[in-house]
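Take a moment with the sequence and the fold. We will walk through the main features step by step.

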Amino acid sequence: QQAQTKAQLARYEDELARKRMQADHEAQRTRNAELVKMQEESAVRQEQIRRQTEEQIQAQRRQTEKMKAEIERETIRVKALAEAEGRAHEARLAEDVNKRMLMERANLEKDKWLAAINTTFAHIGGGLKAILTDQNKLVVAVGG
């Protein structure tokens, strides 16, 4: 009977050990499943973060390109304005130079004509004076 009790006790202990191992195995499988689930969720979160970061980078890139284009348009506008002002200034300077040259030429022409007129009137005046002062010449000029 003692041997039978020992055998029964051994079977009971063996069954308890098997159940304990099964429970441990089940607990380990559950922990592994939870760990896998957490890793998958972490991977999903990381992918979402990566996508959000990429979207932010793209948005910033688009904003930078927009600002760059705006700056370039403004630069072109300012450059064109400066060039137009420069051309207008050059035209005014050229106009001033042309006016001065024209005035100078006109003054020279005026002086030349005045000298010619003065010379002509001086000759006429000298002739009239000679006629008026010389009686013989006056008689010839008036009488013919």
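In which helix does Trp-113 lie? Trp-113 belongs to helix α1, which covers residues 2-133. Keep in mind that this is a predicted model.

Start with the surface around that residue. Trp-113 is exposed, because its relative accessible area is 52% and the cut-off for exposed is over 50%. Trp-113 is also part of a nonpolar surface patch.

Now turn to charge. Side chains of opposite charge can pair when their charged atoms come close. The structure holds nine salt bridges. Three of the pairs follow here.

Arg-29 bridges to Glu-26, with 2.4 Å between the closest N and O atoms. The two sit three residues apart in helix α1, so about one helical turn separates them. Arg-29 is partly exposed at 45% relative accessibility, and Glu-26 is partly exposed at 39%.

Arg-77 pairs with Glu-74, their closest N and O atoms being 2.6 Å apart. Again the spacing is three residues in helix α1, about one helical turn. Arg-77 is partly exposed at 46%, and Glu-74 is partly exposed at 33%.

Glu-109 forms a salt bridge with Lys-112, at 3.4 Å between the closest N and O atoms. These two are three residues apart in helix α1, so about one helical turn lies between them. Glu-109 is partly exposed at 39%, as is Lys-112 at 48%.

Finally, look at a network. Salt bridges link Glu-47, Arg-50 and Arg-51.

Methods
Residues numbered from 1 in each chain as written. Predicted model: local features only at pLDDT ≥ 70, side-chain atom pairs only at ≥ 80, totals over all residues. Heavy atoms only, no water. Patch = residues over 30% accessible without salt bridge, like charges linked within 9 Å, V, L, I, M, F, W, Y side chains within 5 Å. Areas by Shrake-Rupley, 256 points an atom, 1.4 Å probe, with all protein chains shown as cover. Salt bridge = Lys/Arg side-chain N within 4 Å of Asp/Glu carboxyl O. Helix = DSSP H or I, 4+ residues; strand = E, 2+ residues; numbered from the N terminus. Buried < 20%, exposed > 50% of the residue type's maximum accessible area, 1.4 Å probe, protein only.
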